[in-house]
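Subject: Handing over the structure

Dear colleague,

I am passing this structure on to you, and I would be grateful if you read the notes below with the coordinates open beside them.

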Amino acid sequence: MESWLKISWVLCIFGFLREIRPSEPYHAEILMSDWYHVTQEEINRSVYPVGTYSYLALQIFVFLITDFLRYKPVIIANALTGILVWSTLLWTTTLTGLQVVEVFYGFYQAAEVAYYAYIYAKVDKKYYPLVTSYTRSAMFVGKLVGGLLAQLMIGMHWMVYRQLYIISITSQVLALFWSFGLPKVEKSLYFHSQSGAGKDDTKSDAAVIENGSQKPEETVEKPSPATKQSFHAFQLLWTHFHSAYTNPTVLQWSLWYAMILAGFLQISTYMQVVWKSYDEPTIAWNGAVDAALTALSAVFSLLAGYFPASRLKTRTSFLTIAVLSVLQGGCILLSSWTSNIYYSYLGYVLFGGLFAFTITVASSELASSLVEDSFALVFGFNTFIALLLQCILTFVVVSENVNLNLNVFEQFTVYAFYFMVIGIVYFTVVVLQCVWSGVKGPKTNKEVVN
């Protein structure tokens, strides 16, 4: 077995173990039970928003510290934080305790970047498509197993909701032990991009020592290797950032990526609160729904790989996904306007599948327009913008600071029209571009070259 394949499988097993969290599909069910002294309104407006704001606040910091520490320590910290989060949920019962948990959960989500970035520092670039597929598939499989396990435990009455935390903790402990076996990363993209950085500086320092003496003025004025390394790192960051976001194609797809990701994060965070508002069925099928969404997302992501977006004109690609965005909004309306919880389940699963398709196409189009080494920076920054948009949605729609007084079903109506408006805006832009191109006439050979 080749070394790149060994490293991939070691990392994939970590991702698989990390995602086996059967308590996740029933998180709202557990928090709104008699064990916790909080109401549904407090969960909706005072607990979940803390996680959203924490995720945003930590995203850029975690991205930089991940590169500086060379991935593995952050992966270990991620597993440790998972143990802390679900252990704390076992014993805390207060609103304040749950808000503290959400802060740590924000770090747990932000540190996921180390899992995705690690493999690119350990394998040759020619294997990037394969290892990307493996690492994402491993997380899909883990999430699928977690959903099925949750439904089995609850459906067969082998566990009550809160006991699912025990399995989630166990999987995080296993992931922690496994993470110690990950090979060390000798270099990273920005802060350790050159192995042996600083060695030449050390030699030049030694060169100024003559006859046992050293010139103190030169020593004081000369920047340290660490300072030079940091300057080089931020200079490279800016070069990649400027190169990416001055490209109109990257800018358009990045904006699309950020907006639909923000909507998906908001929907997935609060969907269980909607289901809790229905007349509950004899058995809550949250676990099965989560498993179905994961399976459909995996299939749609695979189909997106065969979608000929790269062979279509950019306008045609945008037009196609604009239509899909409107359909996503329709699925959200189905989830929140129906009086039947099973239709709500169906709408959510279809929404997740469509999101997986569109985000995969957007990621592929972005990757094809980027310098290879800027993948992590661009996707990290786009995620940051998505989180910023999610925080704005949370503040405006959910927060008590803005007195809209929307119930959870009305909030989801806003999210549905958010997706529809995105689709309509992009559709309008494409139409205007076509009209403008018709007015200007066909491009000359010189314009095509430029």
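The notes below go through the core, some helices, and then a few individual residues.

Please keep in mind that this is a predicted model, in which local features need pLDDT of at least 70 and side-chain atom pairs count only at pLDDT 80 or more, while totals for chains, interfaces and linings use all residues. Residues are numbered from 1 along each chain as its sequence is written, and side-chain values use heavy atoms, with hydrogens and water left out.

I begin with the core. A nonpolar core is here a set of buried Ala, Val, Leu, Ile, Met, Phe, Trp, Tyr and Cys residues joined through side-chain atoms within 4.5 Å, where buried means under 20% relative accessible area, exposed means over 50%, and partly exposed is in between, for a 1.4 Å probe and protein chains only. The largest such core has 123 residues, and the members that touch the most others are Leu89, Trp275 and Phe412. Helix H12, residues 248–277, gives the most to this core, with 17 residues; helices (H or I, at least four residues) are DSSP runs, numbered from the N terminus. Because domain 1 (1–184) and domain 2 (239–441) both give residues to the core, it lies between them; the domain bounds come from an automatic or database domain assignment. Leucine 89 is in contact (heavy atoms within 4.5 Å) with His27, Leu31, Trp35, Tyr36, Leu98, Val101 and Tyr165, if its neighbours within four places in sequence are left aside.

Two helices can be compared with their expected span, which is 1.5 Å times one less than the number of residues. For helix H15, residues 341–368, the 28 residues should span 40 Å at 1.5 Å a residue, and the end C-alpha atoms are 41 Å apart, which agrees. H15 is mostly covered, with 20 of its 28 residues buried. At the start of H15, a side-chain oxygen of asparagine 340 comes to within 2.8 Å of the backbone nitrogen of tyrosine 342. For helix H8, residues 164–179, the 16 residues should span 22 Å at 1.5 Å a residue, and the end C-alpha atoms are 23 Å apart, which again agrees. The buried residues of H8 include Leu164, Tyr165, Ile167, Ser168, Ile169 and Gln172.

Arginine 21 is found in the loop between helix H1 (3–19) and helix H2 (27–31), and it counts as buried because its relative accessible area is 8%. The side chain of arginine 21 also reaches the backbone oxygen of arginine 18 at 2.9 Å.

Next come two valines. Valine 47 is found in helix H3, residues 40–69, and at 1% relative accessibility valine 47 counts as buried. Not counting residues up to four places away in sequence, valine 47 touches Glu42, Leu95, Leu98 and Glu102; the C-alpha atoms of valine 47 and leucine 98 are 6.6 Å apart in space, although the two residues are 51 residues apart in sequence. Valine 100 has its place in helix H5, residues 95–110, and is partly exposed, with a relative accessible area of 41%.

Which residues have a positive phi without being glycine? One is tyrosine 71, with a phi of about 70 degrees, which sits in the loop between H3 and helix H4 (72–91) and is buried at a relative accessible area of 6%. Another is histidine 157, with a phi near 60 degrees, in the loop between helix H7 (128–155) and H8; histidine 157 is exposed, at 65% relative accessible area.

Finally, the cysteines. The structure holds zero disulfides, a disulfide being a pair of cysteine sulfur atoms within 2.5 Å. Cysteine 331 is buried, with a relative accessible area of 10%, and cysteine 391 likewise counts as buried, at 8% relative accessibility.

With kind regards

Definitions and conventions:
Polar contact = N/O pair within 3.5 Å; in protein donor to acceptor, adjacent residues only side chain to side chain.
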